[in-house]
Structure formats: structure tokens, C-alpha cells
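Here are my notes for your first look at this structure. Keep the 3D view open and check each point as you read.

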Amino acid sequence: MSPRLLAEHDLGRANTLGLPCVAERFIAPRDERQLCEALALAEREGWPLTLLGGGSNLILPERLPGLVVQPAMADWWLEERGDEVLVHAEAGVVWHELVMALVQRGLWGIENLALIPGHCGAAPIQNIGAYGVELGEMLEAVHLVRLDDGREAVMTAADCAFGYRDSVFKGALDGRVAITRLVLRLSRTPRPRLGYGDLATRVGSEPTPLAVAEAVCAIRREKLPDPLTLANAGSFFKNPLVDAGTARRLLAGHPGLPHFPQPDGRVKLAAGWLIDRCGLKGWCRGHFGVHRRQALVLVHFGGGGAAELLDFADAVAGQVSERFGVALEREPRLAGKGGTLA
Ligand code: FAD
Ligand code: EPU
């Protein structure tokens, strides 16, 4: 049965920032054929198109014109390949549920990415990463449909041009594809990655994929607010990448600044530390605030809208720029660029 095309659909609960938003039209296709039909309909009618996953990295306007498509196909399966296992996961699979199912099967590679909200289809967009691991390291292929001609295509990790919170889907292919399926390459051979923070201590001497995933979940629950109880989009800013000279200058004045040299010579700084040192942890204005345990997370207490959030974020970034001379770049994406902000 075809999914219903809904009019004036409320997305207030479909985004973890809890921003009020109404989609002019909304559809949740349950297989690839239905998805292609929805994309073709939008193309024929000239409707602006917005793809929605779990809404955990999106800033939604008050009204999204055109058609919002939320892929709801949610099957996944395994393909054995010697010691490796290929995992095929459709766009609507909930990322964390997939991670837990795979670590329970003893598969290595994905365990550090436990408890990241959202759906598989969005994972390549910003090359999700946590605890020293990024999606791009395990991605074998991305299946997608091109929006301009409705044709299917398969891209390799190299095609995706992954970087820190970056990919070709935020660049040349921004708004031009619908991702339908991921293929991930995991391993049965133990290869724990415990170098980030105190992860090694938390996991103990006998790491298993499940033990690592559980330790990651425990750390994340201590630091990050659960969007179900306090609306947020995770880190609101990316960690800034600065050149080596700038890093040296900042470190001379602030020796405690957490910093991570990158292979390209740049240095990644902890934006949370910079915001924290501006004295902004727990700072609230209007309906928004800086989280009191993790300064990189902006929280919404309810009743606010996207325009107020963006103003608040500018105020935070402005203070960091004034004090440290470092520009912060937003991580969550603005949806429906033509929409009106609440
Ligand atoms: P959405 O927010 O729905 O969409 C994000 C973008 O992807 C939008 O531009 C949307 O149009 C596009 N999109 C969605 N589906 C498709 C598709 N099928 N095809 C093409 N484009 C599509 N991120 C990290 O990297 N690491 C973390 O540790 C992390 N922790 C977080 C913690 C919390 C509490 C929260 C709320 C967020 C966190 N995030 C983290 C951010 C977020 O979870 C990820 O960016 C996630 O991949 C977003 O998935 P989503 O399904 O919610 O995408
Ligand atoms: N810090 C502070 N004060 C704060 C927050 C952080 O001093 O208020 C310091 C910490 O003590 C630590 C450093 O900053 O020395 C880094 O903090 P943390 O380990 O919490 O990581 P992060 O840089 O704040 C990044 C990602 C998270 C990811 C974690 C773990 C970005 C933008 N954020 O956060 O991703 O889960 O590392 O790998 O890269 C997300 O993208 O939404 C997200 C949550």
C-alpha cells in the first residue's frame, strides 16, 4: 500500500531541538519504489524537497514549503565476506539500534559510534564520528537516487570525500541525492579503538564490541542531555580547525586548551573548552541555553523558534571570537533554505 501524502504535517516532535515546524506536505516511503515515486512527484510539481531522517542535526523553520520526505524503509542484513562482514542498512534504520544489534553479534568496527541519534540515511552527510572513529573508515558503499534524473547510483567511500563532519553531500552533492542504503564493512577480528579520553579505563582489560559500546553509552549519558528530556542537537558547533601558528599562539596563552594535531598540519581545538572558558556553561537567554555539563551543546527549554536559536548561537560564537579570535562554525544544518524562521 502506498504511504499517504499528508498536508500541513506537524514536525515539532520530529526534530530533537523541538523547534516548531509545519511541513506543507509530508510522506514516509516504505520502500525504494515508493521513495522514487515521491521524488518524481516533487520534481513534476516543482515542489522544493527536504529529506528528513531522525531530525537530530537539523534546524527547522516555522514552515517547510514543498515536500518533506522521510525514508522509512528499515531493513538490514549481513553478507559474509571471509573474516569481514558487510552490513547492508536501509536509510530508515535507526543508527543506534543497528550498532547495538551488530555489537551483540560480536562484530568490530562500529562500537565507538553507539548512541549517536538519527537514521542510517543521514550518517554519511556529516560523516558521523565519536570516540576516535568516523563512519568513513568502515563505509564500503552508499546507494542513492539522484534527484535531478531519478537514477540510482552507488558511491564508494573515496567518492564521498569524507572529512571531519564533512562529505561531498554537504558540498557538490548538497541537496542533490537521496541516500537509500549504506554498506558497512565490519570485522570478526578484535580491533578495539580505545585511545579517546578515558575510554580504555572504562572498558577494562577484556574488551568486546558490546563492552566498548556500553562504555561509550555510559560516557555519553553522563555528558550529553537526552533530547527526549531536554531538546538539543548534540554539538551545536564543530571543533575548529586552525593553522599551526594560530594554535601555538593560543596555547602560549592557554596551556590547558585541548588540541589535536591533524595529518594535514592543522590543529583541532575543543570548541566546548573555548565556550566554557568564556564562562558560558549554563548561560541561558530566552528559550535557549548552553548546557550546564557540555558547553558545546545548546539546549531548548521549549517555546522558542529557529530565529531565536540562531541569534543565541551567534551570541555564543561572538564571545568566543572576541576572547580567542577563533570563529565557530555551526554543525546542525538549516532545513528548507526558503522557509520562514519562527
Ligand atoms: P537529520 O537531522 O534528519 O538530517 C541531517 C541532514 O541529512 C539534513 O541535511 C537532511 O536533509 C539530510 N538527510 C537525512 N536523510 C537523508 C537521506 N536519506 N538522503 C540524503 N540526505 C538526508 N553526530 C556525530 O557525528 N557524532 C556524535 O557523537 C553525535 N552526537 C549527537 C548527540 C545528540 C544528543 C544529538 C541530538 C545529535 C548528535 N549528533 C552526533 C548529530 C546527529 O545525530 C547526526 O548528525 C546524525 O547522523 C543525524 O541523523 P538524522 O537521521 O537525525 O538526520
Ligand atoms: N570541554 C570543556 N568544557 C566543556 C566541554 C568540553 O572543557 O563544556 C573539554 C573536555 O574536557 C575535553 C574537550 O573539551 O577536554 C573535548 O570534549 P569532549 O570529549 O566532550 O568532546 P567534544 O569535542 O565536545 C566531540 C564531538 C561529539 C562527540 C565527542 C566524542 C564535535 C563537534 N563533537 O565533542 O559529537 O560525541 O567529541 O567523540 O566534534 C556531535 O557532533 O553532535 C557530537 C556530540
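1. Start at W95. Leaving aside residues up to four places away in sequence, W95 touches I110, L113, I116, G118, H119, C120, A123, I128, L135, L182 and L184. Bear in mind that this model is predicted.

2. Now widen the view. W95 is among the residues with the most contacts inside the largest nonpolar core, along with I110, F169, L182 and L184. That core has 45 residues. Two or more of them come from each of these elements: β7 (84-90), α2 (95-104), β10 (139-146), β12 (177-187), α4 (199-203) and α5 (209-223). In soluble globular proteins, nonpolar side chains tend to be buried together.

3. Turn to ligand 1. Which residues are closest to ligand 1? They are L51, G53, G54, S56 and R220, out of 34 that surround it. The shell divides into 17 nonpolar, 13 polar and four charged residues.

4. Check the polar contacts. A backbone N or O atom of G54 sits 2.7 Å from a ligand 1 oxygen atom. For G55, a polar backbone atom is 2.8 Å from an oxygen atom of ligand 1. R220 uses its side chain: an N or O atom there is 2.7 Å from a nitrogen atom of ligand 1.

5. Finally, consider the cover. Ligand 1 taken alone exposes 980 Å², and the protein buries 93% of that. β8 (129-130), β12 and β13 (231-235) each give two or more residues to the shell around ligand 1.

How values were computed:
Residues numbered from 1 in each chain as written. Chains lettered and ligands numbered in written order. Predicted model: local features only at pLDDT ≥ 70, side-chain atom pairs only at ≥ 80, totals over all residues. Heavy atoms only, no water. Core = buried A, V, L, I, M, F, W, Y, C linked by side-chain atoms within 4.5 Å. Buried < 20%, exposed > 50% of the residue type's maximum accessible area, 1.4 Å probe, protein only. Helix = DSSP H or I, 4+ residues; strand = E, 2+ residues; numbered from the N terminus. Contact = heavy atoms within 4.5 Å. Near = heavy atom within 4 Å. Polar contact = N/O pair within 3.5 Å; in protein donor to acceptor, adjacent residues only side chain to side chain. Areas by Shrake-Rupley, 256 points an atom, 1.4 Å probe, with all protein chains shown as cover. Nonpolar A, V, L, I, M, F, W, Y, C, P; charged D, E, K, R; others polar.
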